[in-house]
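Subject: Structure for your reading

Dear colleague,

Please find the structure below, together with the sequence. I would be grateful if you kept it open while reading the notes that follow.

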Amino acid sequence: VAQVALAASNIPYTMNTSNTGFTYNNRFTMADWFTVDKEFAEVMQIDVAARRWFTTEDNPAGTKAIVINKALREQIFPDENPVGKVIREKDNPDRKIVGVVEIFRQKVEYSSDKPAYFEYLNSDYASNGTAGGTLNNLMIRVKPGVTRAFEEKLMKQAAQIVQGWTI
């Protein structure tokens, strides 16, 4: 195993989709929304285009750190740098943009790059749901050259540990 990450239910390459309206200065678009930990970008090999990915220092009281993709940047921030902007919307906690990623395709390799953002949830506090959500999906990246036999063994062992879960 090369790396692991945690994510909420809206994970790549599944039929799950979570989206929401994203508004800033009277510009609006629908955006896919992913709740993830700080290891997610490395596991999914997401390239950061501007500034940075999440760190454990993110999410001070009352503000959630988010990273947006270029498609969202082009629609909502066409002529300005979005990093550092705070998104304030009714009934939602403030969200501060800490970075921008390159293309992110949720469904398949050749799908379109739709507007999306990633919301950071510190995995140290996410297991019990007290941090504003749960990270209940484990993403695993295996090392190059790992055989199918190893992956099958890993899945069988995981199924024994977490009986009743979908693997």
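Does D32 count as buried or exposed? With a relative accessibility of 5%, D32 counts as buried; here buried means under 20% relative accessible area, exposed means over 50%, and partly exposed lies in between, with a 1.4 Å probe and protein chains only.

Before going further, please note that this is a predicted model, in which local features need pLDDT of at least 70 and side-chain atom pairs count only at pLDDT 80 or more, while totals for chains, interfaces and linings use all residues. Residues are numbered from 1 along each chain as its sequence is written, and side-chain values use heavy atoms, with hydrogens and water left out.

The chain as a whole

Nine strands and four helices are found in the chain; helices (H or I, at least four residues) and strands (E, at least two) are DSSP runs, numbered from the N terminus. Their order along the sequence is β-β-β-α-β-β-α-β-β-β-α-β-α. The radius of gyration is 17 Å, close to the 15 Å that the globule rule gives for 167 residues, so the chain is as compact as a globular protein of that length. That radius is taken over C-alpha atoms, and the globule rule is 2.2 Å times the number of residues to the power 0.38. Along the principal axes, the C-alpha atoms fill a box of roughly 50 × 35 × 25 Å.

Of the 167 residues, 37% are buried. A contact means heavy atoms within 4.5 Å. Among contacts with a separation of 6 or more, 71% are between residues 24 or more positions apart.

The surroundings of D32

D32 lies in strand β3, which covers residues 27–36. Apart from neighbours within four places in sequence, D32 is in contact with T17, S18, N19, Q106, K114, P115, A116 and Y117. One of these, A116, is the bridge partner of D32 in β8. Strands β3 and β8 (residues 116–120) run parallel and are joined by five bridges; two strands pair if DSSP finds at least two bridges between them.

Strand β3 also pairs with β2 (residues 19–24), in the antiparallel sense and over six bridges. Within this pairing, T20 has A31 in β3 as its bridge partner. The two strands form a hairpin with two residues between them, and N25 in the turn has a positive phi of about 50 degrees.

Residues with a positive phi

Most residues other than glycine have a negative phi. N26, in the loop between β2 and β3, has a positive phi near 65 degrees although it is not glycine. N26 is exposed, with a relative accessible area of 81%. R51 is placed in strand β4 (residues 48–51) and has a positive phi of about 70 degrees, again without being a glycine. The relative accessible area of R51 is 67%, so R51 is exposed.

Which residues does N16 contact, leaving aside its neighbours within four places in sequence? They are S9, N10, Q106 and K107. N16 sits in the loop between β1 (3–7) and β2, and a relative accessible area of 38% makes N16 partly exposed. The C-alpha atoms of N16 and A2 are separated by 25 Å, the two residues being 14 apart along the chain.

Yours sincerely,
A colleague
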